[in-house]
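Keep the sequence and the 3D view side by side as you read.

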Amino acid sequence: MMAGPVVIVGAGHAGFQLAASLRQAGFKEPIYLINDEAHLPYQRPPLSKAYLKGTGGPDSLMFRPAKFYADQNIDLIADHAVSIDRAARKLKLASGTSLDYGHLVLATGARNRLLDIPNANLPDVRYLRILDDSEDMRKRLASSKHVVVIGAGFIGLEFAATARIKGLEVDVLELASRVMARAVTAEVSEYFQRQHTAAGIRIHLGVQATAIEVENGKVSGVSLSDGCHIPVDLVVVGVGVLPNVELAGEAGLPVASGIIVNEHLLTADPDISAIGDCALFESPRFGGSLRLESVQNATDHARCVAARLVGDDKPYDGHPWFWSDQGDDKLQMVGLTTGYDRVVLRGDPAQKAFSAFCYRGDKLVGIESVNRAGDHMFGRRLLVAGGSITAEQAADQHFDLKKALG
């Protein structure tokens, strides 16, 4: 078991889970969890889904109440990390305090990619990433009439569906030729585009915003690359994120599209790990390096590092899964479908319940399920075990998936 304090930078899903897992595993040394938000550590996914729709307070999102941290002897510090002195093994905080560490874990997450067009910095141009964003958006949804959502990824479409349910006029702009193009198959994209269109959301594909128009200091419209103009009073941007690598990079650690770590989630410095959205990790299971943005990735990374720090050192071998709630539809994904060359549908999109089984050659590499949780859970069990079923079996509604699990 490692000696000395563990200092964790970032109190999102990865940071919180690491602190909790260390204590569950019997780790007795001090744990410092650096939290740069004015809230107890909380769940992120509901911010663009249930929380945005509802009326519950922030307490409904918290992982644990304040008493948990005191009971578990986890020192939750409201501060911001500014630099790492690797030679002295010290972390300097914005308050001027320095913390000694036996092991430092960077769980610094990611931040929104900002829109770079005229007037994009106006108060009525909003992003959704943290609890304060969601709180602000709730108020704006109540007072706005027409919103343009820039970006038809998960966050953009989740927000668009909620805004429409709340009665706003909604236009979604997407530069790609289909919604969620980087994340899902064409079959799933087409289904969700139909669903959102049927709900009254206008989706504009192959266009981008070129300017935000202003009247009396407030947003009045958005100009598009095809010459169109949409009058609006709110703009919400969801054009991806950038990993927070600066703290690591300034300390001389290798960074690229993430903080570079090996299959054990260690950086080039054996006293520093990186986990969650910020980590670009070697994956023996998938080959090459990956950076994933998901609750599963964050929590499984944390458990892997916690195990290493108490003496159970194994390579990270998690299997990715994701989900998105849009309107009445639940999309669940398992596996990485990069490079798939064949899609087989199980179920019927017309019945609003189907799965897209994705193959690379003869091998099943991922499943995207719409309102079919059973297929998703089957995929999680099968793919983790390295199993597969044939495309013919996947398409055959009479084939019993359970038989493939043995």
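Glu293 and Arg291 join their side chains in a salt bridge, with 2.7 Å from N to O. Glu293 is partly exposed, at 39% relative accessibility. The model shown here is predicted.

That pair belongs to a wider set. How many salt bridges does a search of the whole structure find? The search finds 21 salt bridges.

| Salt bridge | N to O distance |
|---|---|
| Glu293 and Arg291 | 2.7 Å |
| Asp136 and Arg126 | 2.9 Å |
| Arg164 and Glu169 | 3.9 Å |

Take Asp136 and Arg126 next. Their side chains meet in a salt bridge at 2.9 Å. This pair links distant parts of the chain, with the two residues 10 residues apart. Asp136 lies in helix H4, residues 131-143, while Arg126 lies in strand E9, residues 125-127. Is Asp136 buried or exposed? Asp136 is buried, with a relative accessible area of 19%. The cut-off for buried is under 20%, so a value of 19% falls on the buried side. Arg126 is partly exposed, with a relative accessible area of 21%. Both residues also belong to a network of salt bridges, which links Asp124, Arg126, Asp136 and Arg140.

In the pair Arg164 and Glu169, the closest N and O atoms are 3.9 Å apart. Arg164 is partly exposed, at a relative accessible area of 25%. Glu169 is partly exposed too, at 32%.

Arg164 leads on to a pocket. Arg164 is one of the residues that line the second largest pocket. About 230 Å³ of space lies in this pocket. Its lining also includes Ala161, Ile165, Gln195, His196, Ala199 and Ile201. Gln326, Gly327, Asp328, Asp329 and Lys352 are in the lining as well. Which helices each supply at least two residues of this lining? They are helix H5, residues 154-165, and helix H6, residues 186-198. The largest share comes from H5, with three residues. By class, the lining has four nonpolar, four polar and four charged residues.

A search of the whole structure finds one cavity of 30 Å³ or more. The largest cavity holds about 30 Å³ of space. Which residues line the largest cavity? The lining is made of Ala11, Gly12, Asn35, Glu37, His39, Pro41, Tyr42 and Arg44. By class, these are three nonpolar, three polar and two charged residues.

Next comes a sheet. Three strands form an open sheet in the order E18-E20-E21, with mixed pairing. Strand E18 (259-261) and strand E21 (289-290) are the edge strands, and each pairs on one side only. E18 and strand E20, residues 279-282, run parallel and are joined by three bridges. Ile259 stands opposite Ala279 in E20.

Asp100 is found in strand E6, residues 98-100. Asp100 is partly exposed, at 43% relative accessibility. What does Asp100 touch, leaving out residues up to four places away in sequence? Asp100 touches Pro5, Val7, Arg89 and Lys90. Pro5 is 95 residues from Asp100 along the chain, yet their C-alpha atoms are separated by 7.2 Å.

Two loop residues close the tour. Asn73 has a phi near 55°, a positive value in a residue other than glycine. Asn73 is found in the loop between helix H3 (66-71) and strand E3 (74-78). Asn73 is exposed, with a relative accessible area of 52%. The phi of Asn216 is likewise positive, near 55°. Where is Asn216 placed? Asn216 is in the loop between strand E13 (209-215) and strand E14 (218-224). At 78% relative accessibility, Asn216 counts as exposed.

Definitions and conventions. Residues are numbered from 1 along each chain as its sequence is written. This is a predicted model: local features need pLDDT of at least 70, side-chain atom pairs count only at pLDDT 80 or more; totals for chains, interfaces and linings use all residues. Side-chain values use heavy atoms; hydrogens and water are left out. A salt bridge is a side-chain nitrogen of Lys or Arg within 4 Å of a carboxyl oxygen of Asp or Glu. Helices (H or I, at least four residues) and strands (E, at least two) are DSSP runs, numbered from the N terminus. Buried means under 20% relative accessible area, exposed over 50%, partly exposed in between (1.4 Å probe, protein chains only). Two strands pair if DSSP finds at least two bridges between them. On a 1 Å grid over the protein atoms alone, a cavity is a set of points where a 1.4 Å probe fits but cannot get out, and a pocket is an open set with protein on both sides within 12 Å along at least five of seven lines; lining residues have an atom within 4 Å of a point. Grid points are joined across faces, edges and corners, and a volume is the space filled by probe spheres set on the points. Ala, Val, Leu, Ile, Met, Phe, Trp, Tyr, Cys and Pro count as nonpolar, Asp, Glu, Lys and Arg as charged, and the others, Gly among them, as polar. Contact means heavy atoms within 4.5 Å.
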